[in-house]
Amino acid sequence: MGKPLIMLNSITYAIKAKDILFRNGIASYIERTPHPERAMGCGYSLYVPDRILEAQSVLTAAGIKIIKTDLGGKSK
Amino acid sequence: MIYLDNAATTYPKPKQVINTVATAISKYGGNPGRSGHSMSIQSAMQVYETRQAISNMFNIDGPENVVFTQNCTHAINTVLKGYLKANDHVVISCLEHNAVLRPLHSLKEKIDITITKANVYPMDNDRTLDSFRQAINSKTRLIVCIHGSNVWGIKLPIERICALAHQYGIKVLVDAAQTGGLCNIDIQDSGIDFLCIAGHKGFYAPMGIGALITKYGENLQPLIEGGTGTNSISPKQPELMPERLEFGTQNMLGICGFKAGIDFTQKKGINNIFKHEMTLIDIIYEQLLKIKGIKIYTPKPDPMYFVPVLSFNLSNFSSEEVALKLDKNNIKVRAGLHCAPLAHEFAGTLSTGAVRICPSVFTSQKDIEYFIFILKKIAGNLI
């Protein structure tokens with residue numbers, strides 16, 4: 001079972017997304033995307049230990065393009 | 001040493017910039033945006049913070065709309081070669097630098113663009129605007145204008161030029177090499193579509209760093225393609241900014257120095273720096289008028305219409321001779337054409353060039369007094 005991850009396009013968007021989540025009270029950590037082939041090659045993801053679906057909504061509302069959200073076995 | 005060549009690059013650099021660059025080379029050794037280890041992420045955070053500082057300073061939404069370039073010329077080339085298509089028409093001002101003229105000349109030869117030069121009338125913005133209006137035709141896709149002339153210090157009414165251009169659906173590129181860090185520029189208020197800046201002039205950053213600031217970057221064809229650390233399977237350059245227009249390893253030291261330079265100018269206050277330099281230019285102008293044989297080509301610099309750059313000539317001497325004599329007295333200025341033949345054509349100095357002086361935040365009134373003292377000696381053939 002993997003970690004809950006939000007895969008993003010670049011380090012720039014990963015840092016921007018982390019900033020946005022922080023301002024919304026959601027903790028996240030920047031990591032390299034663990035399985036690059038699933039995200040069209042190397043990239044950066046945010047590990048969001050809790051509230052990943054909320055994090056996804058916040059980022060989408062902020063106009064951040066998400067490549068993929070991997071719930072990592074979490075249902076919510 | 002008295003350094004009055006700040007229009008070429010500012011010197012000295014503030015201690016904060018020097019210390020930051022020294023720290024960066026030892027602390028931020030990881031390649032930003034390439035790896036997942038902590039040092040790479042820390043470097044990436046520094047790059048992002050600089051993007052954020054620039055986006056805040058120029059009031060553009062999103063740090064991703066700040067593209068790091070080698071210099072202002074690189075930023076200008078990125079727009080001209082990434083935006084213009086065959087048979088497009090471009091309007092430029094009559095004061096443009098070779099950073100604009102040469103890429104446009106190349107595009108004219110390769111894809112048959114056409115170019116019209118709009119005249120600039122110092123201290124008469126209505127007339128200048130009218131000149132731009134008359135230069136526009138049905139094929140015009142871009143207006144390129146320098147914000148502050150690197151030779152004569154003449155400031156163009158960029159807000160009004162943008163408003164005019166947008167009436168016709170034309171985009172505007174502003175070359176702010178001389179004004180970034182010295183004049184307040186608000187991208188949203190002014191309507192600038194592509195803002196090109198240099199880090200090493202008004203921001204007191206190291207040489208070799210500049211930026212293109214635009215929300216239209218995703219519409220530009222990349223000037224150079226290559227590794228971005230992302231989307232590596234695809235043979236195509238990423239579509240999203242800033243990676244669309246950035247390639248290869250970044251100038252980490254330049255970027256860190258850029259941020260320190262922005263902090264420096266903001267702490268000093270852009271308006272305070274501008275006022276200080278214009279006061280010195282005013283003194284120089286008044287003193288030059290009193291020296292026999294001095295030729296000045298512009299009206300007394302009004303801060304509304306000028307930035308602190310002033311050029312002159314001294315009869316019986318070439319501009320290079322004057323610069324050389326000043327250098328022998330440890331005063332650094334730049335003579336010749338300043339990579340801006342069009343600007344010299346405008347003032348009738350294409351065959352002679354001119355001696356250019358530009359103070360910085362570190363220039364004192366005492367420095368100016370010594371410069372005038374030496375210039376008087378040169379004029380009187382005493383040295």
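Reader: Where does Thr349(B) lie?
Author: In this predicted model, Thr349(B) sits in the loop that joins helix H11 (341-347) to strand S12 (355-357) of chain B.

Reader: Is Thr349(B) buried or exposed, and why?
Author: Thr349(B) counts as buried because its relative accessibility is 1%, and buried means under 20%.

Reader: Which residues does Thr349(B) touch?
Author: Leaving aside residues up to four places away in sequence, Thr349(B) touches Trp152(B), Tyr297(B), Asn313(B), Leu337(B) and His344(B).

Reader: On to another topic. At what angle do the axes of H1 of chain A and H2 of chain B cross?
Author: The axes of helix H1 (residues 11-23) of chain A and helix H2 (residues 38-57) of chain B cross at roughly 75 degrees and come within 10 Å. H1(A) is therefore roughly perpendicular to H2(B).

Reader: Which residues make the contact?
Author: H1(A) contributes Ile11(A), Thr12(A), Ile15(A), Lys16(A) and Asp19(A). From H2(B) come Ile41(B), Ala44(B), Met45(B), Tyr48(B), Arg51(B) and Gln52(B).

Reader: And by class, what does the contact of H1(A) with H2(B) have?
Author: There are 6 nonpolar, 2 polar and 3 charged residues in the contact of H1(A) with H2(B).

Reader: Now chain A. Which residues of its helix H2 are buried?
Author: In helix H2 (residues 52-61) of chain A, the buried residues are Ile52(A), Ala55(A), Val58(A) and Leu59(A). Because they cover an arc of only 115 degrees around the axis, they are on the same side of H2(A).

Reader: What do the buried residues of H2(A) pack against?
Author: They pack against strand S1 (5-8), H1 and strand S4 (66-70) of chain A.

Reader: What follows H2(A)?
Author: Gly63(A) follows H2(A), and its phi is positive, near 85 degrees.

Conventions. Residues are numbered from 1 along each chain as its sequence is written. Chains are lettered from A and ligands numbered from 1 in the order in which they are written. This is a predicted model: local features need pLDDT of at least 70, side-chain atom pairs count only at pLDDT 80 or more; totals for chains, interfaces and linings use all residues. Side-chain values use heavy atoms; hydrogens and water are left out. Axes are lines fitted to C-alpha atoms, for helices over the stretch in contact, and angles run from 0 to 180 degrees between N-to-C directions. Helices (H or I, at least four residues) and strands (E, at least two) are DSSP runs, numbered from the N terminus. Angles under 35 degrees count as roughly parallel, over 145 as roughly antiparallel, 65 to 115 as roughly perpendicular and the rest as oblique. Contact means heavy atoms within 4.5 Å. Ala, Val, Leu, Ile, Met, Phe, Trp, Tyr, Cys and Pro count as nonpolar, Asp, Glu, Lys and Arg as charged, and the others, Gly among them, as polar. Buried means under 20% relative accessible area, exposed over 50%, partly exposed in between (1.4 Å probe, protein chains only). The arc is that of the directions from the helix axis to the C-beta atoms.
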